[in-house]
Structure formats: structure tokens, C-alpha cells
Amino acid sequence: MRGTWAIGSLLLSAGLCAGLVTGIPSAPTRSDRPTGPIANGRGTDEPLQPLETFSGLDSRIVHLGRRLFHDPRLSGDGTVSCASCHDLDHGGVDGKRFAEGFRGAVGPINTPTVYNAALNFRQFWDGRAATLEEQAAGPMTNPIEMAGTWDDILATLSADETYRTSFEALYSDGVQRENILDAIATFERTLITVDSPFDRFLQGDRTALSESATRGYQLFKDRGCVACHQGRNVGGNLYQRFGIFGDYFADRGEVTEADLGRFAVTGEEADRHVFKVPGLRNVELTAPYFHDGSATTLAEAVRIMGRYQLGLELPDQEVRDLVNFLCALTGKQSR
Amino acid sequence: MNLLGHIARLRFVILATIAIPIVGLLFDTSMRLEVHQETTRVLREIERIEVVINRDLLELRHGHQANFDSLVASKQRAHERVQALSDLTKRLYRGDAEAGALDCIDSLCRLLDRRHALLERFKTESAVLNNSLRYFPDALGRAMAKLSVEDESGKAVQELSALAVHALDPAIGGSEASIEELTAAMRQTMRETGISTNGSGPVPALWQLALAMERQKTSVNGVLREATRMSDFRARVDAIEHYLDETRSQLEAASSRYWLLLLLLGVLGLVTTVTAWTGMQASKAAMQRMNETLERRILERTTELEEASRAKTDFLANMSHEIRTPMTAILGYADMLEDEEQSEADRNDCIATIRRNGHFLLSIINDVLDISKIEAGKMTVERIETEPREIIDGVENMMGPKAREQGLEFRMEWPEQVPRRIYTDPMRLTQILVNLVGNALKFTKKGHISVRVDFAPEQPERMRIEVQDSGVGIPADRVDHLFEAFSQADTSTTRRFGGTGLGLTISGRLAQLLGGSITVTSEEGSGSTFTVETATGLTECPPEDLTAGTAAPRARTATARAQTRTRYSGHVLLVEDGLDNQRLISRILSKKGLQVSIAENGAEACEHVLERDRSDIDLILMDMQMPVMDGYEAASTLRNAGCTLPVIALTAHAMETDRQRCLDAGCDDYLTKPVNVQRIGEVLAKHLPEDRSSA
């Protein structure tokens, strides 16, 4: 009896000591953030860089995320999925001026593409979300987008045998808000449109671009477009004011809340009409353009950009060359 | 002592109770140390990343980086570390130093947030600048083209070049005044040379662009200066590390204290375990010893019991033999009595033999009763006034004739003076002496038996009586066992000399009960001497209480014989269920001239006495053990009914307690079976008138 006590207490102490030395094993966590393509802006004069896919993504989670992305049951009335607006067959956008969501409700802003969104330094036009996970939660419960509630979403997914099995296999705590967002974001990280003609050009294939597109690229750099639309995603890594040379909003008229840009987030006067510079990859497929969807063609968008951002009235030839260059940014649409 | 015992018993529990909180504290301390280390690590990482960000900023500003991807990635990493830091602060708690560190970390996080917001401004502003820088060569080309046509002196082109150099040099910033100066100079030259300077031409556009660039440079450089200022950052990091160092040294000290305590407890636990173990071994050994002792004792006891059992078995075998022997004689001679042809002398011989054997049987049974009483501790003795001389005379009367019959000399030796009376149990003392003399008679073939009384008036409390014989003696090795129950010196002795083998045991015990002892000295072949020492119950013996040691034996037997022949008149109701006893007792009573009626049991007796005319019954002689209604109940029923007739109990129970029980039930007197004619005579004499008429 005494011996048992002694051994027991010794074991207890030993166990605790061992715990101290080795450290308590941490509980399994959500899929670790994958290592993205390493930014390679340094040591090269080339302001644009080719795309690379993410590595280290769990294909089972990707599969689960893909299912969730296309599942309309995540919405309030079971009709709207993420893919309803972010149509992967149409450049990851809906092709409409403003997003249309729950029961035909029309949103205030143009749908940004989900392709290469993982490369954006922030999400949404005003950059209010830091991560894809944070972003994904927005539309799902937005009353004019998917209009879902977390209670309903969790109930629906828990009731679904295959979802429940998948979640329980992949996540220690099963069907949970964080796990749903993680799966969707993980899937979205696979939506990198590699292998565009321009990327092949950057990688040394001088025949990949037409003459016009090659001139367009030079113009893109010479006219200063590349000062903002730069990096891997040809944009998406800084904020910029819309209307540096001239007042775009005064000229367009009917200033809406969506036109305030980052001002709506920070409340600082310096951020009025400041937006996240959108990436121009696949821009050929994502008309209409700008946050207000006001430019229906690329040429129109290029002209407006020249006028308000560069202070230039671009001649038609330059606009054609620039448009041809931009069309060469269309990559392989993974889905 | 009790408390110490509890502590000793619970020592492991106590040790564990102390150890567990210490382990807990140690655990907590090391967790906190870990948080500290983690915090320091994260701080170092943040520092490193911020340095990288600064380098990125400078490289971007000077055109060594072509895009913001690196800066964005660095900023993302920094953001994650800041998040980790603020997560860690949730695990840093307690202590003033840590509170200070928490404040500093909080302040650091806010600082980093501001700095990271500045990075966004830098990106935005420098994008605009870069935009202009990108476009500037183009604008310069247009202006040059125009001037190269119009400016023949080349002076304006020279000034334009100076302006371009000024605007494009990233190192020069914020010199709007210089640009304005250059522009004014160029405007002057152009006017002098007759070149158009109106608003929308390429040259004015260029100098507008240069001016805008210069303003933008001012803005970017301002942001850059602010963003790259690291002194606040370093001050905060230093403060945090200072606080953390302070706490860490405290924690480490505490940790080593706890380790020391734990080590101490471990040693204590080890010592306790070892002592407990050795204690266990010791108690095991003690237990083993105890078991061995017990086993040995059990073995011994078993042997004793086996011996006792064997002795009892032997005894029973002896008893059986002893009882069968007289029974054989009684039955055999009883058969012979039936033979009509025997002479009167032969008949008398038969009757004598039957009587002798009957008496012997009775003595055996009396001995067994005595020994069982003694064994059960129920034997009691009286202390009544007794004349020593009377006792010795009684012995002489009983045993003397027998001795003389055997041709032995029977001597009585008296001291000069013996006390007139002592206080003892005369019956038991007589029993002892008769026993000893009986033994002497058994073992002595020739020579003498003497009974010597020894008394010293100076020692009045004790008296000694020696019984000496000239018999076979007792072997020395048997002397010690002489007084043990069921043991004769030799089992063969019994066969040679007869007897129950209980006499000495009973005598020895009785002597002890009388406050004395029996000792024996013996020499094999030349005789033995048994000395009875008894308490006299006297404390002093004045001369007037002393008397001479010689006296004539009293004519007791004559009296007894006279009584047996006495006849009585009256009507006796004999209550007895046994047919033989009915007949025997009826005959004895009839021979004494009495009229006898018989009742089968107590109920019949009550009926007889109470319901018939009772005047014809003078005495009731009643057996105690009967069916239907026993004697006790019958006696008390009669007494309760007002019957005053003498009731004499007749019982086979020979114990003193039985006598008392009979008297309590209402009996007047008490007779034991087997019935003794003489004793019946004595009792009848007490309760019935003597019939002189037919004597």
C-alpha cells in the first residue's frame, strides 16, 4: 500500500518533470499558412514577376473548400453560393456592374475576381479584410449577398453526412466556423492563373507576346502604369487614390458610399477615394471595370486610367497596344 | 504519540501533498519562462523584419527594387509576429515587472501599427512619384524635341538638362525652390530667345511635372524619414527586454528553489520508501518469528492435549475395567444366590461379595464425581469446628480393622498435645486420610502403616498428618506425576493393585483447598511417607485448648448396627418410577415395620396425598427424577397445598448443589442413591416414632 503510494507519487513527479522538459504537445491546429511564391522584386529591374502556385496545400481540404465554394446551401435561401458571383468559368467574376446576391439584391460595388486573390495584400476594394478567411466570412452573412447565418450554415453542414465526415477527418473539432473559412480560403489559394503569355515572355519566351503587346508592355512601364500595377499580381499590393490628375468622382457624378474607399475603413481624410490597386491578371475576362463597374471595355478603362492616374490623354495606338498587353496577362483558369 | 503515528502512517500522502503544489509551481514557473523566451524570440524576429523593411524602403526609394512584393511580404511577416506578440501578452501575467513589460509591448504594437500604416502611405506616395519618374523621360524627350528645333543657342536645352538632372536625382528632394529657380531661368531664356512659353506646350508640361515630382519627393521623403526612424522602436524593445530580464532572473531563481525543494522531497521520499521497506522486512521477520513461536506452542499444546486425551482414554479404559470387575462379581454372585442348594455360609459369602463390590463401584463413582467437580472448579470445602481426634479416630475405626485383617500393624502416633478443635472440613480431611491409608494398605504387603499427627503449639496455624507405610515405595521418576489426574505410577499398577488412580489427585487437590498440601517422600522397596499439611484456622493456641493425644475409639459401629435393626411404625408413600428400586426400597421399609404405598410419579403422589384421606400417610420418600411430574415440582406443589408431611428426597445426584435444590423445593431431608440401609435408618429415626413393641 505504502509502496504503491511512493511509486505513484514518484511517477507523477516524473511525468510532470518530463512534461516540463519536453513541453506539452500542442493541440492540432488549422492548416498552417502555406508558403507562397517568394516575392522577387529585389535585384531585378523588372517590376512585374511571373506567377507561381502555392505549395503545401492539403488536397483534401482543397477539395472540401471547392465543395463549399460551390454550395448554395451556405446562403440564406439556398440559392447563392460563392461561385454565383465568383464564376470560375468567367474570370472569377459575375460580369455585372454591381454584384447581385440574395433574392436579386444589388450590391454597391463591382465584384473583384477570386483568381489570384490570394496574392492581394488585403481583400475587398477598400482592403478591410487582411486574409482570404476574413474575406470569405463577409459575403456569406451579408444580407444582400448570401444572407446566411452561422447557426444555419453549421446546422446544414453538420446534418450533411459527407460534410460532417470530411470535417471530422480533417479538423479535430469538426464542423466549425473557422474550419469552413479555412477550407474555402485554402481552396481559393489554388486559384492562381499561371502560364499566361506574358509570364512565358518574362520567363524568356520572346515569341509569347505579339508585337503590339510587347509595345504595350513597354508603354505600361514608360507611361508609369507599372508604378502601381506591379509585382506578381500586376497590382494588388498597395493602395492608391483614384484621381490623382483630376477629380474622377466629380466628373462622373453621383458619389456613393462605395466611392469613399478606405476612408470608410480608417475615417482619415487622406484615405478618401483611396482603393486597393486591383491586380490586372485576367483583366481581359473581368469587365466591367473599376469598383463602380463604370468602364465596360478595357480600352475605356485604359483611357480613364491614363487621364486620372497619369495625367495623360493616351493616343488610340497606345491604348490598343496597352490593351493587347493586358490581354496577354490572361493565364490558365484553374478551377 | 498518536499524532506522530498518524504522521508516520500518512508520510507518503504528506510528501505527495507537498510535492504536488511544488511541481505545479515549477510547472507554472517554467511555463512563464517559456513565455518569456518566446516573447524575446518574437521581439528579435520583429526587430529583424523591421530592419529588412527599412532596407526595402530605402531600396524602393532609390530604385533598387522594382515592385512592392518584397515589402508587402515583409510587412505581412511583421504583422504576424505582432499578432503573436499580442497573443503572448495574454499569457504574460502577474508581477509588476511583467505589467511594465505588458505596457511596453502594448506601446510597441501601437508603434508598429502606426509604422505599418506609414508603409502604406509610402507605397501610395512613392507609386505616384514612380509614376512621374517613369513618365519623366518621355516628357523630357518631347520638351527636348521642341527645344532642339526652336532653341538655336542651346541655352534653354542646357537649362532643361539641369532641370531634368535635378528632378531625376532621387537623392535630391524637397528643393522646390531650386526647381522654381531653374524654371524661372529657363522661362527667361526662352523669352529672350523668342521661344513660346505658353501654358500647354511640352516644356511647360515638363517643368510642371518636375515641380510635381519635387513636391512628391518631399512627401515621400517625409514619410520615409518617419517610417525609418527606429529610435522609438529600439527604446521600447530595450524597455521590454529590461523588464523581461528582470522577471526572468526572478523566475529562474524561483525555479531553482523549487527544483531544490523537489530534490529534497525526492530524497525524503526515497528515505521514507527505504525505511518503510526495511520496516516491512523487519515486521515480516517478526511475524515469521511469532508464527514459529505459535507453531511451536501449538505443537507443544497438541502434544499435551494428545497426552491428556490419551490419559483420559486410558482412564476410561481403566474405568471400564474397574466397573466391569465389580459388576461381574455382583452379577455372578447374584446368580449364585439363586442356587437353592447353597449352604447358608455360602449365601452369606455371596451377599458379602456383592456388597463389597457394590461399595467398590460406589467409591469409583464417587471418585469420578469428585475429580470432575475439582476439574470444573466446583469443589468447595467447609471451615467448621472440628475435633482432630475425632477425625483420626474415624480413620482408625474405618481402616484399622482392614489393616489388621491384612496382618499389618496399624499405629496411631500422637504428639503430646493436640488442639481440642480446629477449623476445617472434617469430611474432606477424613477423605484424604482414608485415601492415603487405603493406598498404603494397597501397596503394603507386610510391616506397618502408621498415622502420625504432628502439631506445634508455637505454630498453631498448621497441622501435619503423616501416613507412613513399609510398602513397595514409588520410583523416583514417578513421584512428580503422582498427583496428576488419571495417572497411577504405572498403568500396570492399576491391574496389580486396583483403584481408580484418582485418589491421590483428589486428595492433593482437597489438601490445597483446605489451605495445605500433600508431600511425598519415598524409597523404592522400603516404603513411602505422605505428609498432609492442613490449615487449622487457628491463630493462637492457648494451653487450655490443648488436649492429650490419646483416646479410646468410640463405639460408632455399634450404634449404626443398632439403628439398622430399629423398627418404626407408620405409613410411607414411596414415590419412585423405577420398578427395582420400588421393590428394594419397599422391602427395606417393610423390614423396618413400615406400611408402604407406591406412587409412580409426582402427579400420582400429589393425588394420593391431597385427594385421598391423607391421615394414613406419615412420610413421603420421593425420587426426584421422574416422568410426568418430577420430585421438585411435586414437593413444591404439596407444600403449596399446605401439606406438612415430612418429605425425604431420594436422588442419584450426589452433589451438594443438588441437596440444596431438594431442600429449596420443600423437602425435609435428602438421601442419595444407591440407598444405604443405615442412612435410611438414620433419616427415618429423625422423622418417625420408633416402634418398641416388636423389637
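1. Start with the salt bridge between Lys123(B) and Glu120(B), whose side chains meet at 3.1 Å, N to O. I use salt bridge for a side-chain nitrogen of Lys or Arg within 4 Å of a carboxyl oxygen of Asp or Glu. Both residues sit in helix H4 of chain B (residues 96-150), three residues apart, or about one turn of the helix. Helices here are DSSP runs (H or I, at least four residues), numbered from the N terminus. An α-helix has 3.6 residues a turn, so residues three or four places apart point the same way. Lys123(B) and Glu120(B) are both buried, where buried means under 20% relative accessible area, exposed over 50%, and partly exposed in between (1.4 Å probe, protein chains only).

2. Some ground rules before going on. This is a predicted model, in which local features need pLDDT of at least 70 and side-chain atom pairs count only at pLDDT 80 or more, while totals for chains, interfaces and linings use all residues; side-chain values use heavy atoms, with hydrogens and water left out. Residues are numbered from 1 along each chain as its sequence is written, and chains are lettered from A and ligands numbered from 1 in the order in which they are written.

3. On confidence: the model scores ipTM 0.82 and pTM 0.56. Chain B has a mean pLDDT of 81, with 90% of its residues at 70 or more; pLDDT is the predictor's confidence in each residue, from 0 to 100. Residues 551-562 of chain B fall below 50, and beyond near neighbours in sequence this stretch has eight contacts in the model (contact means heavy atoms within 4.5 Å). Where pLDDT is low, the predicted coordinates should not be read in detail.

4. Back to charges. Over all chains, the structure holds 48 salt bridges. One of them pairs Glu396(B) with Arg404(B) at 3.1 Å, N to O; Glu396(B) is buried at 14% relative accessible area, whereas Arg404(B) is partly exposed at 44%. There is also a network in chain B: Glu38(B), Arg41(B), Glu45(B), Glu80(B) and Arg81(B) are joined by salt bridges that share partners.

5. In chain A, Arg177(A) and Glu178(A) form a salt bridge through their side chains (3.8 Å, N to O). Arg177(A) is partly exposed at 32%, and Glu178(A) is partly exposed too, at 35%.

6. Helix H4 of chain A (residues 132-141) has seven of its ten residues buried, so it is largely enclosed by the rest of the structure. The buried ones are Leu132(A), Glu133(A), Gln135(A), Ala136(A), Ala137(A), Pro139(A) and Met140(A). They pack against helix H5 (150-159) and helix H7 (177-188) of chain A.

7. Leu3(B), Leu4(B), Ile7(B), Leu10(B), Ile14(B) and Ile18(B) make a nonpolar surface patch of about 550 Å². Patch residues have over 30% relative accessible area and no salt bridge, with like charges joined within 9 Å and nonpolar side chains (Val, Leu, Ile, Met, Phe, Trp, Tyr) within 5 Å. Helices H1 (2-9) and H2 (11-61) of chain B each supply at least two of the residues, and H1(B) gives the largest share, three. Leu3(B) lies in H1 and is exposed at 61%.

8. Finally, Trp259(B), in helix H8 of chain B (residues 231-338), is partly exposed at 38%. Trp259(B) is 233 residues from Leu26(B) in sequence, yet their C-alpha atoms are 7.4 Å apart in space.

Key: Areas by Shrake-Rupley, 256 points an atom, 1.4 Å probe, with all protein chains shown as cover.
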